[in-house]
Amino acid sequence: MPQKPINPNSLYLDDPRLRMSIAGRVLVRSISYISYVVIFVATFTFLFSGIHFLVWTGLFLMLFMLDLLVHHGEGDTPFSELPVSGARVNLTSVTAPSAFSMIERTLDRSLITRKDFFLELARRLLESAAIVEGLRRLDVKPEDFKTKLESLFHEPPSPNAVPVAAPGAVAEIETLLVAAFAEALSAGHEFITPPDLFSALTKVNDDAMDRLFNLFSIAPGDLERALIFGSFSKRGWFRRLPHALGGFGIGARHEVKHRIMNRAWTARPTPLLDKYGIDFTDRARDAQVGFLIGHDAEYERLVETLARPIDPNALLIGEPGIGKEAIINHLALALVKDDVPKGLFDRRLVGLQLQNLVAGAPPEELEARLKTIVEEIFTAGNIILYIPDIHNLVRTSGTAYLSAADALMPVIMANNFPIVGSTYPREFHQLIEPRSDFAGIFDEIPVNEITEEEAEKVLTYESILLEEESDITISFGAIKRAVFLAKKYMRDKFLPASAEELLKSALVDAERRGEKALGPDQVTVVAEEKVNVPMHEAEGDEAEKLLHMEQLIHERLVDQEEAVKAVADAIREYRSGLTRKGGPIASFLFVGPTGVGKTELAKILAELQFGSQKMMIRFDMTEYQDKQSFYRFIGSPDGSVRGALTDAVLAKPYSLVLLDEFEKAFPDILNLFLQVLDDGRLTDNLSRTVDFTNTIIIATSNAHSDIINEALSKGETMADIADYVKARLTDVFKPELLNRFSRTIIFKNLAPDDLSKIVALNLQELVGMMKDRGIYLSFTPEALHEIAKLGYDPAFGARPLRRVIDEKVRAPLSEAILGKKVMKGNRVRLVYENDKFDFVSE
């Protein structure tokens, strides 16, 4: 959740205990322990002494002891009380006693053993149950980790090992605490704790520690998030997991107590507003809402807007489930805790439910309701009004909503009290943005999707509660895999909702199987079932298929060796994890005459890699040749026209995009693909980022077909003119666009012998259909040769072939079936004799 920014340069370490000798530190600790014992004994001695003065002294000492007990384990200054900027912060003051004690004792032992300070600290930290639990959640066996740690102690020290006996030791400890400070702040702690020290060990640039963490593939961010599990682990009979964890609740909730009064006792009740609204501050006070990870910039901007004296109105704009209400919930929690600017103290955050307000109310009654609600808000004087789906107020349909708009619009535009609205990008562009008078009173705040790291942290907290309900242990690897796969393949929803849905589905699957632990492999299996996409590492038969991909393609495509090799290589690189970061999986420009297999290869590739030809998104670019069609392609600026390309890729982020006759597209569309082919991203008209990194893009082109046809008519082949055609492509496409394709491939024209093979491939589909009906169809070589001859055209390749098969084979066969000349169980052969085709029973 948002934290106060602290300048790292303002952090320093100054503690005389670290500069003492070992004996000095032991003496200080001994005096400290003896002092506590003396105070404890003196307290009870004085209380029961019967001497008035000593009894009061005993009471004072008891209060002192109670204060120590209440704040046991805390440092001097919690993070929440640190200055925002300017003043320097001594790291000792924000370090929990348990963490500082570990540093002290580790320093002592390192001075004695002359071993690496950080290795000694790691060894001591592994005594913590929370850290051991964190390692388990990373699928690391603590015993193996400890064994490797011990083996490092017996190796010669590395050149940059911390020389603890030197004066520079304090500087190294300061580096550790600065890193631990950042870890604690990110984890939402109030002090630097032992788990923060362990997490910081990944960032201290120590060779031994780097080797240790790399051996177990422990990334710095992963360790920080996995240690959250340890913070809420069960210890004996004392269960540290609260009923409601930062807004994630479990079990039944009691009725929330409603409070309306501020501390100055100037507020007034709002009964009708309470009836048709939700008091978020009540829910935050009951710890039901308020959890927020990410959205720091949006939240800070919202608070700044509401705190200003003029136009304190904000409009949150974001897709469903992206986190708008999470920001509102956190604002409610901040209001309850007074963690807001002074101008927002004692405010109530109330959401007005428009659908409940207008339900079943005639215009007169609705107007009366709204008038009363507005009067209540004015009288109370401490209301921040939240209106979800505020675009409904400016719709041009719906009598009830029009009546609500008539009554509320003047109030909203009067700026008499703070208002927060929420809407979606499409509705904002279509309904609100055209109303400049209405839109102008709001500070527009776009709400973006949280990062994968933030989503992992959200799911870690939620997993703690899911484990309570399911009694299944969820590893951090499962969480990380759920976030990664949801981000990559399930773009119909945003993080963290998409990852949460996947994780819960995997949990249900684990429950059904009777398993007691959920790991990353189970999440992958469930994700593959959801989107029908291979996500696991290829092995066994699947690896063999990838190695022989060319043969599989050639079962359905004749020749075109260069193109087949190029697409097979692209698939192998992708499944091996060797594709470049950014950009699509691969992008190809297929150039050649019509009917030579460009589109057919795309269909085969869609089926082999993406599971079905339905995963191919196909566009005929002759339909997108003007400015208006450009808006149909990516959406109009006002949101009234949806984008054909952007919506299709959002719906199928893992797919093949086929752009037929690419050269005929509007120039702005060609420019658009400069970014798509380079970065793999495209921002649509609604400011949504469309991800193309899991697509293969194939553009086909008949560019310079006149040159190609002239050469073919002269008896030349495509192989003869391939280099010349490639060089002339700059007449049609910009060089920077051509350079962004993975490969530009010139398809060869088909020789007459190739046509016979293509005829056989095309007729196999018909053979299969007949076999399903119990009719066994075959063909003589003469028949195949004649069909190939009739279907061949140098200018159109194999394109006329389908028409010939329909005319010479399908049509006569259908007549024979209907005339009962060919029946179920028959074996029929197509022959070519005496210049005509005929079906002969065998």
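## Close-up views of a predicted model

**Figure 1. A salt bridge between Asp 443 and Arg 301.** In this predicted model, Asp 443 and Arg 301 form a salt bridge in which the closest N and O atoms are 2.9 Å apart. Asp 443 belongs to strand β12 and Arg 301 to helix α14 (residues 296-307), so the pair ties together parts that are 142 residues apart in sequence. Asp 443 counts as buried because its relative accessible area of 17% is under 20%. Arg 301, by contrast, is partly exposed, with a relative accessibility of 34%.

**Figure 2. A salt bridge between Glu 456 and Arg 225.** The side chains of these two residues, Glu 456 and Arg 225, meet at 2.8 Å, N to O. Glu 456 is part of helix α21 (residues 452-470), while Arg 225 is part of helix α11 (residues 220-231).

Figure 3. Arg 572 and Asp 569 are joined through their side chains by a salt bridge of 2.8 Å, N to O. Both residues lie in helix α27 (residues 561-575), where they are three residues apart, about one turn of the helix. Arg 572 is buried, with a relative accessible area of 18%. Asp 569 has a relative accessible area of 23% and is partly exposed.

**Figure 4. Strand β11 and its partners.** Strand β11 spans residues 419-423, and five of its five residues are buried. Ile 419, Gly 421 and Thr 423 point one way from the strand, whereas Val 420 and Ser 422 point the other way. Strand β8 (residues 313-317) pairs with β11 in the parallel sense over five bridges, and Asn 313 stands opposite Ile 419. Strand β10 (residues 383-387) also runs parallel to β11, to which three bridges join it. Ile 387 has Gly 421 of β11 as its bridge partner.

**Figure 5. The covered helix α19.** Helix α19 (residues 425-432) is mostly covered, with seven of its eight residues buried. Among these buried residues are Pro 425, Arg 426, Glu 427 and Phe 428. The buried residues of α19 pack against strands β8 and β11, as well as α20 (436-439) and β12 (443-446).

**Figure 6. Nonpolar cores of the protein chain.** The largest nonpolar core contains 143 residues, and Ile 192, Phe 198, Leu 201 and Leu 518 are among those with the most contacts inside it. Apart from this core lies another one of 41 residues, including Val 649, Ile 669, Phe 692 and Ala 699. In soluble globular proteins, nonpolar side chains tend to be buried together. Beyond its neighbours within four places in sequence, Ile 192 is in contact with residues that include Phe 79, Leu 91, Val 94, Leu 177 and Phe 181. Of the 842 residues in the chain, 50% count as buried.

**Figure 7. A nonpolar patch on the surface.** Val 37, Phe 40, Val 41, Phe 44 and Phe 48 form this patch, which has about 540 Å² of accessible area together. Val 41 is found in helix α2 (residues 22-47) and counts as partly exposed, at 46% relative accessibility. The protein chain exposes about 40200 Å², of which carbon and sulfur atoms supply 54%.

Technical notes. Residues numbered from 1 in each chain as written. Predicted model: local features only at pLDDT ≥ 70, side-chain atom pairs only at ≥ 80, totals over all residues. Heavy atoms only, no water. Buried < 20%, exposed > 50% of the residue type's maximum accessible area, 1.4 Å probe, protein only. Areas by Shrake-Rupley, 256 points an atom, 1.4 Å probe, with all protein chains shown as cover. Helix = DSSP H or I, 4+ residues; strand = E, 2+ residues; numbered from the N terminus. Pairing = 2+ DSSP bridges. Core = buried A, V, L, I, M, F, W, Y, C linked by side-chain atoms within 4.5 Å. Contact = heavy atoms within 4.5 Å. Patch = residues over 30% accessible without salt bridge, like charges linked within 9 Å, V, L, I, M, F, W, Y side chains within 5 Å. Salt bridge = Lys/Arg side-chain N within 4 Å of Asp/Glu carboxyl O.
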